[in-house]
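User: I have just opened this one and would like a careful walk through it. Could you take me around, starting with how the copies meet?

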Protein chains: 2
Amino acid sequence: MNDYQFKLVRIKGEFVWHNHKDTDEAFIVLAGGMDIEFRDGVAHLEGDELFVVPRGIEHRPRSSAPAQLLVIEPRVVANTGESGGELTSPGDVWI
Amino acid sequence: MNDYQFKLVRIKGEFVWHNHKDTDEAFIVLAGGMDIEFRDGVAHLEGDELFVVPRGIEHRPRSSAPAQLLVIEPRVVANTGESGGELTSPGDVWI
């Protein structure tokens, strides 16, 4: 949509701490549940819940059981934000 | 999210034909089903389905039974696009 992408994501376990300094990031939980950890707290999301992480805020998605998400963010955004590392995914993968 | 809004929408019946000349528009069906009519066809959407209407394309959302939607588009967009009329909603209503 315009310069944004809808990214279908499966998660289990802990992602890396990261932030996106230039953009907010929206999470919609499609199945299962997840936590988004912040340095000062945690948000728990279940199916159909929406959460927007503001730009620049360090966060770490995690899920103890498999969960399915829709992540909405600008096309150029790397999933690991400023952090990089082995969990960085290639962009522009269409399914 | 950034300069975009997530708009919770309840529909029943036919909306007006309209287009948004400067932006795409994303529909996610939360409950029920809907059609998006185009001048040359129709898209039928059920729960959890996503459809992006490209900018400039005339369309008319409709639903024979009540349905609940999440519409994602830039903050400044009017629901009736270029058409106006009595179905135009005020923007920036937060719930």
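User: So, through which surface do the copies meet?

Analyst: They meet through the same surface, because 100% of the interface residues of chain B are also interface residues in chain A. Please keep in mind throughout that this is a predicted model.

User: What rotation and shift put chain B on chain A?

Analyst: A rotation of 180° superposes chain B on chain A, with 0.0 Å of shift along the axis and an RMSD of 0.0 Å. That is the relation of a two-fold axis.

User: And in chain B, which C-alpha is nearest the axis?

Analyst: In chain B that is the C-alpha of B:Asp48, which lies 4.4 Å from the axis.

User: How does the radius of gyration of chain A sit with that of a compact globule?

Analyst: It agrees, because a compact globule with 95 residues would have a radius of gyration near 12 Å, and chain A has 12 Å. Taken along the principal axes, the C-alpha atoms of chain A fill a box of roughly 30 × 30 × 25 Å.

User: What about contacts between residues 24 or more positions apart?

Analyst: Among the contacts in chain A with a separation of 6 or more, 72% are accounted for by residues 24 or more positions apart.

User: And how many positive and negative side chains are there?

Analyst: Chain A carries 9 positive and 16 negative side chains, and the centres of the two sets lie 4 Å apart.

User: I clicked on A:Ala65, so where is it found?

Analyst: A:Ala65 is found in strand 6 of chain A, which covers residues 59-74. It counts as partly exposed, because its relative accessibility is 40% and that class lies between the cut-offs of 20% and 50%.

User: Which residues is A:Ala65 in contact with, beyond its neighbours in sequence?

Analyst: Leaving aside neighbours within four places in sequence, A:Ala65 is in contact with A:Ile11 and A:Lys12. As for A:Gly13, its C-alpha is 7.4 Å from that of A:Ala65 in space, although the two residues are 52 residues apart in sequence.

How values were computed
Residues numbered from 1 in each chain as written. Chains lettered and ligands numbered in written order. Predicted model: local features only at pLDDT ≥ 70, side-chain atom pairs only at ≥ 80, totals over all residues. Heavy atoms only, no water. Rg over C-alpha atoms; globule rule 2.2 N^0.38 Å. Contact = heavy atoms within 4.5 Å. Lys, Arg positive; Asp, Glu negative; His and termini not counted. Charge placed at Lys NZ, Arg CZ, Asp CG, Glu CD. Least-squares fit on C-alpha atoms with pLDDT ≥ 70 in both. Helix = DSSP H or I, 4+ residues; strand = E, 2+ residues; numbered from the N terminus. Buried < 20%, exposed > 50% of the residue type's maximum accessible area, 1.4 Å probe, protein only.
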